[in-house]
Amino acid sequence: MHLIQVDSVQRWMEDLKLMTDCECMCILQSKPISIEKDEQNELILSSQYSTCDSLQLLLKRAWIISTELTRIAQKLEKNRWQRVHSMTVRVNCHVHSMINEYNTFTRSSSEEMHQLEKLLIDKCSEFTAFTERCLQTEDEEILKSMKSCVNETLTTVARYFGQLIELVLTQEAQNLLRQIELSGSVYVAESAISSLFSLAQEGAHLCRIIAKGGGVVTLFKICRQDCFRCLYPQTLRTLASICCVEEGMQQLEKVDGILCLADILTDTSHSEATHAEAAAVVAQITSPHLTFTQHLSSFLENMEEIVTALVKLCQGASSGEVFLLASAALANITFFDTMACEILLQLNAVKILLAACSDKHIVDTPYSRDQVVTILANMSVLDQCASEIIQGNGVQLLMEMLFEKSSSGTPAEVAACERVQQKSAVTLARLSRDPEVAEAAVKLSCIPRLIKLCRSPTERNNSDSVLVACLAALRRLAVMSPDGLEDSDFQQLVKPRLVDSFLLCTNMEESFV
């Protein structure tokens, strides 16, 4: 869960609300406010939180319980029975609170859920009683024999808890999807889609639950209704999240989702925001990191339309974010079919991308430059690409990318800078088979920069992939312009086998004293 990634003090402050006087809260929540059936009180209590807030509260409580169960197992391993018992009591309280909180805002619990709730509560009570008996026993042999039973009970509690959370999340996802499908109101649909998006942000497991419940099918129905046009960006953003899992992709294939995306991208009446979110879905489903590719056959049928629309989106992008989404989609597409590169050449994409790079308001981060240089690297396998690069002053851009440095120092940005350096070197190596490109690179002092990247680990952030790419580019340029290297550089970086030069460069800063 992304909850783990927030500031620790903030996390503690949020948890404190849920962990204060659990025992008292459990007793109070188990009692009715009034002995009479007061419908108005029920309404006020149930509408105190929105569905999204209630689900977030449930997920936080579930995260706490899950963490506590893990800690109990750790303390049990060390035979710290006092801690085991106190934590077991706390888990028992949290389970009661979670079930009471959930039953407060839901009115549609199934019989299966009630049974699971009862099983979990009974097993938690049994667990607490069991650990209490262990506290009262001082005989080591008896404690050793009881430990396996405690472990077994802990495993059962964890299993029942996991099953209950799975069932609750499945039911809530289905409720949200039902609201979207049956609603004729934009406001109701918007609220349900927003809650669904929040659920999808909790990770791949939640995305699988939504996809299995028909989430992709329901959301594409929204994208095919003109009355919901104002919800297209939000709906497409949710689809991009869900389609990170195989189940989401399978659903997308079944409902001709790629055709729908192509229609949205090519329809000029849609807003830029809608086009950008559609591009984000395309970027997600074409990611080279995905291991499932059954959807790509239908993608190829619509590829020319999609690529054309994405190039237009890059060309007319009003912000860096829009350009990033469109260029990321194009970069991913160039990985799985060379036909995409040929289409890009016909559309003068090189000229458009190079022009965009000169606008610092549009290509304003290493992430955007990473997408651009990825496209150029994949297009550079085509012979016609070299002349396009020369005409657009692309060699100068590639040279500048060899100097890419992170301004924030965050791991994500540092990694993006490494990719930019690596891919710019790869592109130079590929394009330098053309004498005109090689000559331009030599004139721009690419050789000294490549040598520095090879010899100075800090310049390449100790990246081996950047080193390999720079050695390859240097060797290609050395063939075209051998006079540009000093003898020591030639002897160490060009003449030996690539692996020997690589080992030499990686060991340069090691001390053997």
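**Notes on the model**

1. Among contacts in the protein between residues at least 6 apart in sequence, 74% join residues at least 24 apart. The model is a predicted one, and its secondary structure comes to 28 helices and zero strands.

2. Of the 513 residues of the protein, 50% count as buried. The accessible surface comes to about 24,800 Å², and carbon and sulfur atoms account for 53% of that area.

3. The second largest pocket holds about 550 Å³ of space. Its lining is made up of 21 residues, and those closest to the centre of the pocket are Ala283, Gln284, Ser287, Ala328 and Asn332. Two or more lining residues come from each of helix 11 (232-242), helix 14 (272-285), helix 17 (320-336), helix 20 (366-379) and helix 23 (411-431).

4. Which helix gives the most to the lining of the second largest pocket? Helix 17 does, with six residues. By residue type, the lining of this pocket divides into nine nonpolar, seven polar and five charged residues.

5. In helix 27 (residues 487-494), the buried residues are Asp489, Leu493 and Val494. Seen down the axis of helix 27, these buried residues fall within an arc of 75°, and they therefore line one face of the helix. An α-helix has 3.6 residues a turn, so residues three or four places apart point the same way. The cover over the buried residues of helix 27 includes helix 25 (446-455), helix 26 (464-480) and helix 28 (498-506).

Note on methods:
Residues are numbered from 1 along each chain as its sequence is written. This is a predicted model: local features need pLDDT of at least 70, side-chain atom pairs count only at pLDDT 80 or more; totals for chains, interfaces and linings use all residues. Side-chain values use heavy atoms; hydrogens and water are left out. Helices (H or I, at least four residues) and strands (E, at least two) are DSSP runs, numbered from the N terminus. Buried means under 20% relative accessible area, exposed over 50%, partly exposed in between (1.4 Å probe, protein chains only). Contact means heavy atoms within 4.5 Å. Accessible areas come from the Shrake-Rupley method with a 1.4 Å probe; for residues, only the protein chains shown count as cover. On a 1 Å grid over the protein atoms alone, a cavity is a set of points where a 1.4 Å probe fits but cannot get out, and a pocket is an open set with protein on both sides within 12 Å along at least five of seven lines; lining residues have an atom within 4 Å of a point. Grid points are joined across faces, edges and corners, and a volume is the space filled by probe spheres set on the points. Ala, Val, Leu, Ile, Met, Phe, Trp, Tyr, Cys and Pro count as nonpolar, Asp, Glu, Lys and Arg as charged, and the others, Gly among them, as polar. The arc is that of the directions from the helix axis to the C-beta atoms.
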